[in-house]
Amino acid sequence: MAFESLIDFADEAAREIGQYMLQVTLRPEQLVAEEYPVADLNWDSVKYGPDEVQRVPDDKRGIYAFAICHNNSVLPPYGYILYIGIAGRRSNRSLRERYKDYLNEKKVIKRERIARMIGNWHNVLRFFYAPIPDDMTSEELEDLEKRLNNAFLPPFSEGDLDADVKRKRRAFR
């Protein structure tokens, strides 16, 4: 048997489909939980890239998420959260300052998972952000991040999960 055609097919499938495969995990009981350290958040988003960086607040800490989504007149609305993080972890660092880190190739390349996320989906990636109230503590912000990560289990968020959730998640990797 000649394996060349099988090898060619496997290589093509890996290039065209395999590199984009992700495990999807959503925890319904966590998604409907109403125990958050903030009453509500006003989310907004920009298309990933430098074009809309000025729209991201430069005077507010907050929470952010990277999501795959691309609206057009044919597709139904969709989105998948790949990563959740915070700006202002025990500092006054703004959402814009944090976002700019993700536009800096030298910083991104040092984070292999984030480099893969941006490299694969940059053309359909959005940066969602929600400023938090000025009186929200760093501990409350970190708690919010952890709760959202526990609910969505984004494939590129690794560290900011409850220890028990992190341990159970590793059982499926």
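Predicted model: local features only at pLDDT ≥ 70, side-chain atom pairs only at ≥ 80, totals over all residues.
Two or more lining residues are given by each of strand 2 (62-68), strand 3 (80-87) and helix 6 (138-152). Of these elements, helix 6 gives the most to the lining of the second largest pocket, with three residues. By class, this lining has 13 nonpolar residues, no polar residues and one charged residue.

The largest pocket holds about 340 Å³ of space. It is lined by 16 residues, and Gln-23, Thr-25, Leu-153, Arg-169 and Arg-173 are the closest to its centre. Helix 5 (112-121) and helix 7 (163-170) each supply at least two residues of the lining of the largest pocket, and the largest share, four residues, comes from helix 7. The lining of the largest pocket divides into eight charged, six nonpolar and two polar residues.

A further site examined was Ser-45, which is found in strand 1 (residues 44-47). Ser-45 counts as buried because its relative accessibility is 10%, where buried denotes a value under 20%. The side chain of Ser-45 makes a polar contact, at 2.8 Å, with the side chain of Arg-126. When residues up to four places away in sequence are not counted, Ser-45 touches Arg-55, Arg-126, Phe-127, Phe-128 and Tyr-129.

Notes:
Residues numbered from 1 in each chain as written. Heavy atoms only, no water. Buried < 20%, exposed > 50% of the residue type's maximum accessible area, 1.4 Å probe, protein only. Polar contact = N/O pair within 3.5 Å; in protein donor to acceptor, adjacent residues only side chain to side chain. Contact = heavy atoms within 4.5 Å. 1 Å grid on protein atoms, 1.4 Å probe; cavity = no way out; pocket = protein on both sides within 12 Å on 5 of 7 lines; lining within 4 Å. Points joined across faces, edges and corners; volume = space filled by probe spheres on them. Nonpolar A, V, L, I, M, F, W, Y, C, P; charged D, E, K, R; others polar.
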